[in-house]
Amino acid sequence: MERQSDAAAVPQRKAMGSPQNGDEGSNRGAVPGNLCQPLLSPCSSSGLEGVVDSEGRVDESRLRAYIFKQGGVLPGDRRLLWGFLFGMYPCSSTALERIALSEELGVRYQTMKRKWQRELPGAVRMRLNGTDEELIAAVKRFERSRLEAEESEAEESEEAREKKAFLKLQAQVLIDRVQLDIEELQEAVRIIDKDVPRTERDLDYFLGEGSANLLVLREVLITFAAFHPDVSYTQGMNELCSRFLEVLDSERDSYWCFSSYMEKIADDFKADGLRRKIELEVKLLQELDPELHAHLGREDLGSLTFCHRWLLLGFQREFEHSDALRLFEILSSNHLELNEIRDQERLRGGGEGRTELPPSVNPDFTFELFLCAAILLEHRATLLSCPSEVQLIQFTNSLQGKLDLNATLQKAEELFIKYCKKSVLDCFKNHCLPPKDREPFSFPLRSFFS
């Protein structure tokens, strides 16, 4: 992926968090709570002892291990922890530093949004087909909330206005350097206006008065597309972004967390990137179950195209909604990854000796691929009896919202350990490792679960 513009990048400095009021771009005129004060002392009430220090700094390694081992984050902690998990807040920042950076990010986001609105005025209002009465009413509520936000800003103190004016000047200088691709952005807006009305309309957050949140989602997606032309917008991004907006309930925070997350997974929305991920899944299935792999290959089903949506959207539709959020956190923790184990091995060895994985271990086999394999193997008998891709797709569609997350995670962990042990044994058999007095590679896996 090409490097995003500096204007769209989260500033890399020690600061971040949500202010107690004045969340620019908040969809309801409300702020998702004071996210700074709880981090002034360790969050013992949330079971986060040792993760947060007295000044609000977060131990990133412990946070990721906590999320994985606890099977996600408590709903009440999500607004607080997602900013760290998804890269909006530097873990090294203190609670006080985060107040300053949150203000900076709010002003920068608003400046970015005003730029595309000024250069593409026809995109300011959403195109409506005239038949979605709920959405038409949502547009009116959305526009009223914007007027209320402008009136609230006009009532700020002189000191607050002066401080914000300085931040606006800084943001303007940075963002004026960015040249928007208007033609590309027009096409992105056209697709966004088709996708947004179909986004999670069965969730309470987007129902009734909450339907105005769809307009907030639209503005986040357009701003992202405008300042990330190498990625722009592709169908499916609306579903991913809606998670951030639902949890964070803040337009500003959703944008920065979503853009940071997309920086890591943007290749998945490109043909070559997703094709490579599917090819890795095929290779992993061959390692774990050669018979099933061979059967799918004989039936011309070996490309596993029916797994595309699972991997692209992080299994968002395959589990009940609350479980899908938990899984999103677990996968984003990147705790149980082969590269992570390699790094732990390096630390355990004091940086000396062998620091690479055995040659028989493929570090590109991520935990989400093991999760996908767990689902396939759980329904192995059905897959072996499916004679066509059409029937396979029908079957996989029938799984939506019905899978058991805890059972699937347990199966994925078992497959992960099985693969590591097999790879290490193969490596020993082939004399890949020197006979040293040290634990076999698979033994340290226990620390990732205990």
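In the predicted model, F244 has a relative accessibility of 0% and is therefore classed as buried. Y261 likewise counts as buried, because its relative accessibility is 14% and the class extends to values under 20%. The secondary structure consists of 18 helices and zero strands. Among contacts between residues at least 6 apart in sequence, 77% join residues at least 24 apart.

The aromatic side chains were examined as ring pairs. A pair of aromatic rings is described by the distance of the centres and the angle of the planes. With ring centres required to lie within 6.5 Å, the count comes to 20 aromatic pairs. One of these is formed by F68 and F367, whose ring centres are 5.5 Å apart; the planes meet at 75°, so the arrangement is edge-to-face. Since F68 belongs to helix α1 (residues 60-69) and F367 to helix α15 (residues 367-378), this pair ties together parts that are 299 residues apart in sequence. Both F68 and F367 are buried.

A further pair involves F244 and Y261, with a centre separation of 5.9 Å and an angle of 55° between the planes, so the geometry is classed as tilted. F244 is located in helix α8 (residues 237-248) and Y261 in helix α9 (residues 251-265); the pair therefore ties together parts that are 17 residues apart in sequence. F244 and Y261 also belong to one aromatic cluster, together with W82, F86, F224, F258 and F328. F328, a member of this cluster, has the charged end of R243 over its ring, at 4.2 Å from the ring centre.

The second largest pocket was also characterised. Its volume is about 760 Å³. The pocket is lined by 28 residues, of which I265, D268, K277, T366 and E368 are the closest to its centre. Two or more lining residues are given by each of the elements α9, α10 (271-288), α12 (308-312), α13 (321-332) and α15. In terms of residue class, the lining of the second largest pocket comprises 13 nonpolar, seven polar and eight charged residues. D268, K277 and E368, which are among the residues closest to the centre of this pocket, fall in the charged class.

Methods
Residues are numbered from 1 along each chain as its sequence is written. This is a predicted model: local features need pLDDT of at least 70, side-chain atom pairs count only at pLDDT 80 or more; totals for chains, interfaces and linings use all residues. Side-chain values use heavy atoms; hydrogens and water are left out. Rings of Phe, Tyr and Trp (its six-membered ring) pair if their centres lie within 6.5 Å; planes under 30 degrees apart count as stacked, over 60 as edge-to-face and the rest as tilted. Helices (H or I, at least four residues) and strands (E, at least two) are DSSP runs, numbered from the N terminus. Buried means under 20% relative accessible area, exposed over 50%, partly exposed in between (1.4 Å probe, protein chains only). A charge sits over a ring if NZ of Lys or CZ of Arg is within 6 Å of the ring centre and within 35 degrees of the ring normal. On a 1 Å grid over the protein atoms alone, a cavity is a set of points where a 1.4 Å probe fits but cannot get out, and a pocket is an open set with protein on both sides within 12 Å along at least five of seven lines; lining residues have an atom within 4 Å of a point. Grid points are joined across faces, edges and corners, and a volume is the space filled by probe spheres set on the points. Contact means heavy atoms within 4.5 Å.
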